[in-house]
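Here is a short briefing for a reader who is new to this structure. Please look through the sequence and the model, then read the points below.

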Amino acid sequence: MSVVETNTFFKQKRTAAEIKSEIVKAYFSKWCAQILTQLAPSPETILYVDLLAGNLVNEDNSLAEAGLILEQIYRSQETEQNLNTIVKTFFYNASKAELEKLATDLAQLPFRENLENAPVILNEPDQRTYLVELLKERVPALFITNPFFTLLAQELLAPAVQSGNTDLLLVFSPNKMRGAWDSSQERNDLIVLLGEEITSLKEYAPKENSSRKKEQLVVDTLISKLQENQYYPLFFKINLPGKDQTSHYLLFAARTKQAYFLMKEIIARYSDYQEDGVPLFSVNQKPQMPLLPGFFQYLSKYTFTNLLEALSSNRREFHYRTIQEIYEDHAVGTHFILTNYLQAFSELRQQGRINLVDAKNKQVKTISENAIVFYKLHGVK
């Protein structure tokens, strides 16, 4: 298969704020749209909570990260999806100077008076109480934070997770994870995310010299606990360009498959890929030796060959379902993306194992996610 060309954003060193901004600006409006279309009745309020907020306005007066989100909300009033009446925004930064600049920038926004829900800077207890009450009311929310950093995360993570209607975007660097296993630090917010396993981590840490192994254990525990809390987690590892060193981890946790797959397809644009076109959901990873063609198949369970075999041998599970439905059932928790399924079913059709039909049972020439998979009996192993 040809080499997959991906976004070059991570080919230079990035801060947590830059990473968050890059991902969210591509995701936010799509996330809002699926919330409004999937929930019944359609919600009257959606929350956007950014505890890693950067500048609203750049030095040249152009809009920066948080300002671009507010502009999306403001400009949406000209479309069918009017977020201006629905989305309530909350911003915070752990730096007092940055927090003050947020408030200053907000006053200078040219469209501030046209925002029907005034953005809230979370610098006062009353404002935080207001947000907690909204979370307790199970208002749909996108909640962005570094769970290993701010005290405000400790205060707000519990109601966010317990609300049952909040999607999480966690962005953190390895050096901020130390509190997860440092016995001198008591972090109630980590109890919410890591459960009682935090005690085991603190007992394990002094016996393990490898920081990398400690980090991986924290990540694995986070993913496991998010799954226990009925989340669909998606993990993305970011290395420093040209170095075998982790820069940041990005962990997205969705309450719905729809939100999960929206983010998965966006993150895949930035990922490194295997030779077979399957994303690694990591970037700037140094290739493992030996550098032999096809050797990756011995290192990963998520290979195109394995996907092809799974789809070929599961007639009972996948027969007479659309490719989109099969993808959404089979790809959760894997590295496979929709493109991999389209390619796999194209190959299975060439092998004579399946037909692809439309809703009227007519064969389709062009493969799309809406094509229905019709397994041939003679093609079943």
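The largest cavity is lined by Lys20, Ser21, Lys25, Tyr48, Asp50, Glu65, Ala66, Leu68 and Ile69. Its volume is about 50 Å³. The model is predicted.

**Cavities**
- Searching the whole structure turns up two cavities of 30 Å³ or more.
- Helix H1, strand E1 (46–50) and helix H2 (65–75) are the elements that give two or more residues to the lining of the largest cavity.
- H2 gives the most to that lining, with four residues.

**Nonpolar core**
- The largest nonpolar core has 118 residues.
- Leu168, Leu311 and Phe345 have the most contacts inside this core.
- Helix H1 (residues 16–38) gives the most to the core, with nine residues.
- Leaving aside residues up to four places away in sequence, Leu168 touches Phe143, Ala160, Val161, Leu193, Leu226, Tyr231, Leu251, Phe252 and Ala253.

**Helix H9 and its cover**
- Helix H9 spans residues 257–267.
- Its buried residues are Ala259, Tyr260, Phe261, Met263, Lys264, Ile266 and Ile267.
- The cover over these buried residues includes H1 and helix H12 (323–330).
- Strands also take part in the cover, including E5 (166–172), E6 (232–239) and E7 (246–254).
- In general, an α-helix has 3.6 residues a turn, so residues three or four places apart point the same way.

**A three-stranded sheet**
- Three strands form an open sheet, in the order E9-E11-E10. The pairing is antiparallel.
- Strand E9 (321–322) and strand E10 (354–357) are the edge strands. Each of them pairs on one side only.
- E10 pairs with strand E11 (residues 372–375) over four bridges, in the antiparallel sense.
- Asn355 has Phe374 in E11 as its bridge partner.
- Helix H13 (residues 338–350) lies across E10 and E11. H13 runs at about 120° to E10.

**Glu133**
- Glu133 sits in helix H4 (residues 125–136).
- Is Glu133 buried or partly exposed? Its relative accessible area is 38%, so Glu133 counts as partly exposed. That class lies between the cut-offs of under 20% for buried and over 50% for exposed.
- Glu133 and Thr150 are 17 residues apart in sequence. In space, the two are 20 Å apart, C-alpha to C-alpha.

Note on methods:
Residues are numbered from 1 along each chain as its sequence is written. This is a predicted model: local features need pLDDT of at least 70, side-chain atom pairs count only at pLDDT 80 or more; totals for chains, interfaces and linings use all residues. Side-chain values use heavy atoms; hydrogens and water are left out. A nonpolar core is a set of buried Ala, Val, Leu, Ile, Met, Phe, Trp, Tyr and Cys residues joined through side-chain atoms within 4.5 Å. Buried means under 20% relative accessible area, exposed over 50%, partly exposed in between (1.4 Å probe, protein chains only). Contact means heavy atoms within 4.5 Å. Two strands pair if DSSP finds at least two bridges between them. Axes are lines fitted to C-alpha atoms, for helices over the stretch in contact, and angles run from 0 to 180 degrees between N-to-C directions. On a 1 Å grid over the protein atoms alone, a cavity is a set of points where a 1.4 Å probe fits but cannot get out, and a pocket is an open set with protein on both sides within 12 Å along at least five of seven lines; lining residues have an atom within 4 Å of a point. Grid points are joined across faces, edges and corners, and a volume is the space filled by probe spheres set on the points.
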